[in-house]
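The following briefing describes a single protein chain. Please consult the sequence and the structure while reading the points below.

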Amino acid sequence: MARVRMTGNPLVAAAIVLTVAAAGAAGWGGVSRYQASHDDSAAYAQTRDDALAAGEQAVQNMNTLDHQKLVQGLDSWEDSTTGDLHQQLLDGRDAFVKQIKEAKTVSTAKVLSGAVTELDGRAGRAGVMVALRVTVTAPKGKPAVKESRMLGQLTRTSEGWKLSALGQAPVGNTAG
C-alpha cells in the first residue's frame, strides 16, 4: 500500500485551506445570485417602482399648465392619461383652452413625496398617493402656493403606466 507523504510546509497547508474556502464562497455566491435573479419579489419591486415613477410624473403633469404654452401642456396631460380620464380631457379641451386663455394663469407643480397604495401587476392596475406643492401665478398679484395630496389610479398600457383616474385625497380625521 502506497503512503501519501504529508508535507510539513505550513504555506502549502494554508494555500489548500484558502483554495477550499474560495471555492465554497464562489459556490455560495453563485447560488445566492441565482436565487435573487429568480425571486418574484425583485420583479414586484421593479413594477412598484415603475408605477410610482409614472404616477408621480403624471400627477405633476396634470397640475402644471402655462397659458402661453397651452397646446404643449394639454398634450402632456393627454399623454399622461388613459381610459375615461383621457376621454374627459379630449371632450373638454376646447372649453378648457378658452378658460385658461382668459385667466392667463401659470401653474407649476412639484412632487413632495409619493407612495404606491395598491398594486396588481398581473391585472395592470395600481394606485398612488402623491403630495405636491402647486404654485399658481395670475397676471396680477402674488403667486398662490398650495400643498395637496392627490389619489391616482394607474393602468398599464403598451406605452407604460398612465393615469386612469385622479382626485383629491381626503384631508383630516374621517374616523367617527
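**Salt bridge at the outset**

A salt bridge (a side-chain nitrogen of Lys or Arg within 4 Å of a carboxyl oxygen of Asp or Glu) joins the side chains of Glu-159 and Lys-162, with an N to O distance of 2.7 Å. The model is predicted: local features need pLDDT of at least 70, side-chain atom pairs count only at pLDDT 80 or more, and totals for chains, interfaces and linings use all residues. Residues are numbered from 1 along each chain as its sequence is written, and side-chain values use heavy atoms, with hydrogens and water left out.

**Architecture and overall form**

- The protein contains four helices and five strands, where helices (H or I, at least four residues) and strands (E, at least two) are DSSP runs numbered from the N terminus.
- Read from the N terminus, the order of the elements is α-α-β-α-α-β-β-β-β.
- The protein is more spread out than a compact globule, because its radius of gyration of 28 Å is well over the 16 Å that the globule rule gives for 176 residues.
- That radius is taken over C-alpha atoms, and the globule rule is 2.2 Å times the number of residues to the power 0.38.
- The C-alpha trace spans about 105 × 45 × 35 Å along its principal axes.

**Surface, burial and contacts**

- Of the 176 residues, 24% count as buried; buried means under 20% relative accessible area, exposed over 50%, and partly exposed in between (1.4 Å probe, protein chains only).
- The protein exposes about 12200 Å², of which carbon and sulfur atoms supply 56%.
- Accessible areas come from the Shrake-Rupley method with a 1.4 Å probe, and for residues only the protein chains shown count as cover.
- Among contacts (heavy atoms within 4.5 Å) with a separation of 6 or more, 52% are accounted for by residues 24 or more positions apart.

**Charges and salt bridges**

- The protein has 19 positive and 17 negative charges, and their mean positions are 9 Å apart.
- In this tally Lys and Arg count as positive and Asp and Glu as negative, while His and the chain ends are not counted.
- Each charge is placed at NZ of Lys, CZ of Arg, CG of Asp or CD of Glu.
- Side chains of opposite charge can pair when their charged atoms come close.
- The count of salt bridges comes to six.
- In the pair formed by Glu-159 and Lys-162, Glu-159 is exposed at 65% relative accessibility, whereas Lys-162 is buried at 11%.
- Arg-93 and Asp-75 form a salt bridge through their side chains, at 3.0 Å from N to O.
- This pair links distant parts of the chain, 18 residues apart: Arg-93 belongs to helix α4 (residues 83-103) and Asp-75 to helix α3 (residues 70-79).
- Arg-93 counts as buried at 18% relative accessibility, and Asp-75 is partly exposed at 30%.
- A network of salt bridges links Asp-75, Glu-78 and Arg-93.
- Glu-147 and Arg-133 meet in a further salt bridge, with 2.7 Å from N to O.
- Glu-147 lies in strand β4 (residues 144-157) and Arg-133 in strand β3 (residues 125-137), so this pair ties together parts that are 14 residues apart in sequence.
- Arg-133 is partly exposed, with a relative accessibility of 31%.

**Individual residues in their surroundings**

- Which residues does Thr-108 touch, apart from neighbours within four places in sequence? Its contacts are Asn-63, Thr-64, Arg-133, Val-134 and Thr-135.
- Thr-108 is placed in strand β2 and is partly exposed, at 39% relative accessible area.
- The C-alpha atoms of Thr-108 and Met-62 are 9.6 Å apart, although the two residues are separated by 46 residues along the chain.
- Ser-148 in strand β4 is buried, with 11% relative accessibility.
- Apart from neighbours within four places in sequence, Ser-148 contacts Val-130, Ala-131, Leu-132 and Gln-168.
- Leu-52 is part of helix α2 (residues 40-62) and touches Gly-114, Ala-115, Val-116 and Val-128, not counting residues up to four places away in sequence.
- Leu-52 and Lys-146, 94 residues apart in sequence, have a C-alpha to C-alpha separation of 22 Å.
- Lys-104, a residue other than glycine, has a positive phi near 55°.
- Lys-104 occupies the loop between α4 and β2 (106-120) and is partly exposed at 45% relative accessibility.
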